[in-house]
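Please look at the sequence and the 3D structure below, and keep both in view while reading the report that follows.

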Amino acid sequence: MGYKGRGGARLYKREKGNLMPKPIYVLNGPNLNRLGTREPHIYGTTTLADVEAMCRAEAKEQPIEFRQTNSETQLIDWVHEAIDKGSGIIINPAAYTFTSLALFDALKMFPGPIIELHISNVHKREAYYHNSYVSKVATAIIIGLGAKGYPAAVRAMRDLVH
Ligand code: DHK
């Protein structure tokens, strides 16, 4: 078994008598719905729908919940949902990474592995992108691999939750 910290035993749910892996939650924050046309020199031209397809292909039989919101409240509510129904969280909180103590507090309650993801290398960018609240609770961080960071995160998370 991979991930032993934070109570890894919460990875499966019983469905019709069978043990089914709980889904990995892939959560995306504000403005990522504009991926593909949003500042392509920074974020590339891959759309969020393309990213979802790449994640589902990499996940294979592992169920995933792939979501995006511009709302901080909605993002926190999905973290709460994952606490009860998920095995792992991959999260690109976008700008909320650097502003939201509330999101940080929500993620602190998650008993499974958390991978923080950023498409761009935020450490090569403006200083207001340098202090991540989420990094303080993340198991691992993937930064600067572009859209390809997402399937890489799914591959890593599959190892952590199996
Ligand atoms: C996306 C954003 O929207 C920015 O606020 C972050 C992140 C960087 C990304 O690179 O995926 O700072």
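Helices (H or I, at least four residues) and strands (E, at least two) are DSSP runs that are numbered from the N terminus. This is a predicted model, in which local features need pLDDT of at least 70 and side-chain atom pairs count only at pLDDT 80 or more, while totals for chains, interfaces and linings use all residues. Residues are numbered from 1 along each chain as its sequence is written, and side-chain values use heavy atoms, with hydrogens and water left out.

Five strands form an open sheet in the order 4-3-5-6-7, with parallel pairing, where two strands pair if DSSP finds at least two bridges between them. Strand 4 and strand 7 (140-143) are the edge strands, since each of them pairs on one side only. Strand 3 and strand 5 (residues 88-92) run parallel and are joined by five bridges; Ile-24, for example, has Gly-88 in strand 5 as its bridge partner.

Helix 3 (residues 72-85) lies across strand 3, strand 4 and strand 5, and runs at about 175 degrees to strand 3. Such angles run from 0 to 180 degrees between N-to-C directions, and the axes are lines fitted to C-alpha atoms, for helices over the stretch in contact.

A nonpolar core is a set of buried Ala, Val, Leu, Ile, Met, Phe, Trp, Tyr and Cys residues joined through side-chain atoms within 4.5 Å. Buried means under 20% relative accessible area, exposed over 50% and partly exposed in between (1.4 Å probe, protein chains only). The largest nonpolar core has 24 residues, of which Val-51, Ile-90 and Tyr-150 touch the most other members. Helix 5 gives the most to this core, with six residues.

| Residue | In contact with |
|---|---|
| Val-51 | Leu-35, Thr-46, Phe-66, Ala-147 and Tyr-150 |
| Ala-147 | Thr-46, Val-51, Met-54 and Ile-119 |

Ala-147 lies in the loop between strand 7 and helix 5, and is buried, with a relative accessible area of 11%.

Finally, a search of the whole structure finds two aromatic pairs. The ring centres of Tyr-128 and Tyr-129 are 4.9 Å apart and their planes are at 75 degrees, so this pair is edge-to-face. Rings of Phe, Tyr and Trp (its six-membered ring) pair if their centres lie within 6.5 Å, and planes under 30 degrees apart count as stacked, over 60 as edge-to-face and the rest as tilted. Ring pairs link Phe-98, Tyr-128 and Tyr-129 into a cluster.

Terms used. Contact means heavy atoms within 4.5 Å. Lists of a residue's contacts leave out its neighbours within four places in sequence.
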